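Reader: I am new to this structure and would be grateful for a close look at a single part of it. Please describe that part and then place it in its wider setting.

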Amino acid sequence: MSNEKSLGKKILSLIGGETNIQGISHCATRLRMLLKDNRIANKNKKAIENLTGVISVVENGGQFQVIIGPAVTNVYDQLLDGTNLTQETNQDNTKEKNSHGLVSNFLDIVAGIFTPLLPLLAGSGVLRGIVLLLTQVGWLSETSGTYHILTAASTAVFYFLPILLAFTSAEKFKVNKYVAAAIMGALIMPEFTQIMGNHGNGIITHFLGIPIVTMTYTSTVIPAILSIWCLSYVEYYLKKIISENLQLLFVPLISLFIMVPLTAGIFGPFGVYLGEWISDGINFLMNANGWLAGAIVGGAWNIFVIFGLQWAVNPVMIQNISKLGYDFIVPLTAAANFGMAGATLGTFFRTKDSKMKAYSISALLSIFFAGITEPAIYGIGIKYKKPLIGAVTGGAIGGAFIGGLHAKAFAFVFGGITTLPAFIGKTFISYVIGLIICFVVAMIVTLLIGIDEAENTKVQTDQIGNTKQISDASILQPLDGTVADIASANDPAFASGSMGSGTVIHPTSGDVYAPFDGTISMLFKTNHAIGITSDRGTEVLIHIGIDTVKLNGKYFSSKVKQGDVVKSGQLLIHFDLAALKKAGYDTSTFVIVTNSTEYKDVRLLKADLGNHGRKILQATI
């Protein structure tokens, strides 16, 4: 069994198995899952993050996303292997998606349509850049057969882009892929393009007496997506009214008859004009103030990646490359990449952790050679926070330089060293200088502000081989009252420390709050005791009163349930303090770090009367 398969199966197990998956897909670096019950995955979030090969786990737009990196396709395939989950049947349906918001749905659709094409677009872009470079240095003649063959190889993806997008859109909208490809193929056939002759867009022709404005659809983006979205409804209703034994012939026949004229008459022209308006708007902004636009895009792009918002902009870049032959935004995304690269190298120099040094180099190489920033963003930027500040600063300053000098990309690629040929042209030197600025500024800023390694971390392995990461942690007072040394407690089991280090609180109110962000790992059915595990791996037991278990839940009410993810200060339990005292019970409440042995020290910070929310314990490794 390969490592990827093992990783895929471990992830599947930790998120609750295939029965807990409502929808699953992937983009260039992450698994995207819509789960029926997020509590299981949230409970195991740390365990998933600690798996070898997993960079991070995020939740965005209702999706549980596992960041893998370039190996995500293999992990995805192996996760599906042997299950009833498939790309075709397990995509989120429309009703399910509506519950997660229009923005999330839009980004998910765009990601699903463009992700399969990204490797092809990137490879074609680099090849096109190499051809341009060889031509400019005089090693390749523009009249040679070699030049024409390589040009065809590197630009075919854009000429046939409507067909390719129709195919991937059909996969996303769950319609017949081959009918979808034929619809857009019809609009780039010579028979259709010859209608315009040499006049270009805007020639009027007729279909059954209905006037149609002819357009050039090669290299377009939006018409294909709109058309196949409409086809999904046409096909759905045709299958409802046509008997199953006749669908094989008549569904494709009627779909072609309806959709080719409809696309040519409505969706096609609207999509072409919409794409041109968007492209013209972006280019107007770049020409109006490229310095400001470059600073904004270069600085914000890594933030876009964190939330998946880059998918909303990628089609614009592809549209520009397709129609104009160049784009201003692609160089700015590269500025963000090199800003993240500089911050990553700065982290390498600042960290004292040998494992993080090795990880930093791996993440740096991922940016340089593949243009993939997720390992650096999630494994370094989000982890330490300050390197992300360095990356944003470097990307903004270098991006302003690149935008101000109007550097152009002549292919859609991810910014890295290997994709430099895609930027060969009059602005190439400006582009390279801008990348150097991004890299150097981000590195210097990261070196100056540091990476906050004061909060140490270490990995523990249990008896059955599972690993977990723990770190220094502060524990807040969970309820109002007088905090005292645990040794003063009236219960010998707690006072001796055999249950773990901690403190005892003599409460003045009956509300118990979460001492940190974490997950409810244990809740007694009597509600007199609750266990919570922090996001940093700290395990705490809050036990209310002595011998209160005998009450069988009387006077106690829980505001959470086992498996819930809670925030610091969130109300967990309410108990009737006056009733407990009247019944003769000792209300001493114990706050115990049950995994104290995994820490070097658990120190009591406060021993006096105080309210909930202040720091009372510090655990250090």
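Author: Ile367 is found in helix 17, which covers residues 354-370; helices (H or I, at least four residues) and strands (E, at least two) are DSSP runs, numbered from the N terminus. The model is a predicted one, in which local features need pLDDT of at least 70 and side-chain atom pairs count only at pLDDT 80 or more, while totals for chains, interfaces and linings use all residues. Residues are numbered from 1 along each chain as its sequence is written, and side-chain values use heavy atoms, with hydrogens and water left out.

Ile367 is buried, with a relative accessible area of 0%; buried means under 20% relative accessible area, exposed over 50%, and partly exposed in between (1.4 Å probe, protein chains only). Leaving aside neighbours within four places in sequence, Ile367 is in contact (heavy atoms within 4.5 Å) with Asn337, Met340, Ala341, Thr344, Ile372, Thr373, Ala376, Gly415 and Gly416. Ala334 lies 33 residues from Ile367 along the chain, and the C-alpha atoms of these two residues are separated by 9.7 Å.

In soluble globular proteins, nonpolar side chains tend to be buried together.

Helix 12 (residues 222-241) has 20 residues, which should span 28 Å at 1.5 Å a residue, and its end C-alpha atoms are 30 Å apart, in agreement; the expected span of a helix is 1.5 Å times one less than its number of residues.

Rings of Phe, Tyr and Trp (its six-membered ring) pair if their centres lie within 6.5 Å; planes under 30 degrees apart count as stacked, over 60 as edge-to-face and the rest as tilted. Tyr236 and Tyr237 form an edge-to-face pair, at 5.1 Å centre to centre with 80° between the planes. Phe423 and Tyr431 are stacked, at 3.9 Å centre to centre with 10° between the planes. Phe423 is buried, with a relative accessible area of 0%, and Tyr431 is buried as well, also at 0%. Tyr236, by contrast, is partly exposed at 46%, and Tyr237 is partly exposed at 48%. Ring pairs also link Phe338, Phe368 and Phe439 into a cluster.

The chain contains 22 helices and 22 strands, and buried residues make up 51% of its 621 residues. Among contacts between residues at least 6 apart in sequence, 71% join residues at least 24 apart.
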